[in-house]
Amino acid sequence: MKKILVIGAVGQIGSELVPLLRTKYGNENVVAAGHSKKPTDDLANAGPFEFVNVLDKESVETVVKDHGIDTIYNLAAILSATGEQKPQLAYNVNNNGYFNILEIGREQELERIMTPSSIAAFGPETPRDNTPNETILKPTTMYGITKVTGELLGNYYFQKYGLDVRGLRYPGIISSETPPGGGTTDYSIEMYYAAVKGEHYTSFLGEGSALPMMYMPDALKAIVDLAEADISKLTHHSDFNVNAMSFAPEELATSIQKECPEFTVDYKPDFRQAIADSWPKSLDDSAARQEWNWKPGYDLKAMTKDMIEKLTPKLTGE
Ligand SMILES: NC(=O)c1ccc[n+]([C@@H]2O[C@H](COP(=O)([O-])OP(=O)(O)OC[C@H]3O[C@@H](n4cnc5c(N)ncnc54)[C@H](O)[C@@H]3O)[C@@H](O)[C@H]2O)c1
């Protein structure tokens, strides 16, 4: 029987991953763990809910033992934009916090640890178009440095201790449920919110900044499919590229304007532009496709239609 702990459950991805896992494995079998943010009533009441701090190893160990956990999804992290403002915190949470999770996995002989990496693992010297799975990993952001470290540590724990650690390099994730937590691709979600509220939007990334992106239903499918993949088919473990779509801010604006013709945008790049400039435009995800049958379901047009349908009642009451 699977007993899953999702750490970082109140964040952008966790708040949607927990209900999906609860539907799949049963409410009582998925423990959601928050940190500082108050959970929604649904997240806190539909199944077990705890507070943990990945920097306090004992707080995680206690939950693992009390609930008989065998699988951890570790989503606790400081993201790219916040990480550039607070690099020491990003180093601490993303590296030392993750090290605690791996150690708990080793000591408690857990079945599996799932941890997302990011396209931030790449850097300005990485080929930017159709970026291969195996390539130059020399990021220039603290977030990226912690993500490369996380990938290497995950692979190390698998090789040295046989701990089944799996991870994928998420592109920017777009969703309508929970606001994003301080990433460089947050502009895209802000753009949808502004369009639905009938407001003008000023993008903090400039025109031409194409980046790989993914809609939340695909992001959830990717991590769950990878978790369920037959280990004998996996050559990679902690570092799968996953691609879905790529667009620049003005392409997203055009897609939104097809649904909301009055929507207007202008562009005032800030410090996040330098982060975006160091990332790829699109990814070669053939390893994920071959090893665990990865295939995205949403393109830009389908995502825009769904985002506007979901955000309209939420933001306008219509
Ligand atoms: N959202 C994206 O676009 C994106 C893209 C690439 C990779 N990722 C990765 O996916 C994972 C989840 O990202 P997200 O977008 O949900 O992030 P988020 O910022 O929305 O959520 C992260 C959660 O971690 C929690 N947290 C922070 N410090 C903690 C600590 N010390 N102990 C326990 N919890 C702590 C926060 O409270 C927050 O709820 C991260 O590993 C992130 O790097 C996300």
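This is a predicted model: local features need pLDDT of at least 70, side-chain atom pairs count only at pLDDT 80 or more; totals for chains, interfaces and linings use all residues.
Reader: Start with the ligand. Which residues come nearest?
Author: Gln-12, Ile-13, Asn-53, Tyr-143 and Ile-173 come nearest, out of 25 residues around the ligand.

Reader: What does Gln-12 put by the ligand, backbone or side chain?
Author: Backbone. An N or O atom of the Gln-12 backbone sits 2.8 Å from a ligand oxygen.

Reader: And Tyr-143, how far is its polar side-chain atom from a ligand oxygen?
Author: That Tyr-143 atom lies 2.5 Å from an oxygen atom of the ligand. Lys-147 has a side-chain N or O atom 2.9 Å from a ligand oxygen.

Reader: Switching to helices. At what angle do α1 and α8 cross?
Author: Roughly 50°. Helix α1 covers residues 14-25 and helix α8 covers 216-228, and their axes come within 10 Å. That angle makes α1 oblique to α8. The crossing is right-handed.

Reader: Which residues make the contact?
Author: From α1, Glu-16, Leu-17, Leu-20, Leu-21, Lys-24 and Tyr-25. From α8, Met-216, Leu-220, Ile-223, Val-224 and Glu-228. By class, the α1 contact with α8 has 8 nonpolar, 3 charged and no polar residues.

Reader: Now α7 and α12. Left-handed or right-handed?
Author: Right-handed. The axes of α7 (residues 186-197) and α12 (residues 300-316) come within 9 Å and cross at roughly 55°. The two are therefore oblique to each other.

Reader: What does α7 bring to that contact?
Author: Tyr-192, Tyr-193, Val-196 and Lys-197. They meet α12 residues including Leu-300, Met-303, Met-307 and Leu-311.

Reader: How many nonpolar, polar and charged residues there?
Author: The contact of α7 with α12 has 9 nonpolar, 3 polar and 2 charged.

Note on methods:
Residues are numbered from 1 along each chain as its sequence is written. Side-chain values use heavy atoms; hydrogens and water are left out. Axes are lines fitted to C-alpha atoms, for helices over the stretch in contact, and angles run from 0 to 180 degrees between N-to-C directions. Helices (H or I, at least four residues) and strands (E, at least two) are DSSP runs, numbered from the N terminus. Angles under 35 degrees count as roughly parallel, over 145 as roughly antiparallel, 65 to 115 as roughly perpendicular and the rest as oblique. A crossing is left-handed if the near helix is turned anticlockwise from the far one by less than a right angle, and right-handed if clockwise. Contact means heavy atoms within 4.5 Å. Ala, Val, Leu, Ile, Met, Phe, Trp, Tyr, Cys and Pro count as nonpolar, Asp, Glu, Lys and Arg as charged, and the others, Gly among them, as polar. A residue is near a molecule or strand if one of its heavy atoms lies within 4 Å of it. A polar contact is a pair of N or O atoms within 3.5 Å; within protein, one must be able to donate a hydrogen and the other to accept it, and residues adjacent in sequence count only if both atoms are side-chain atoms.
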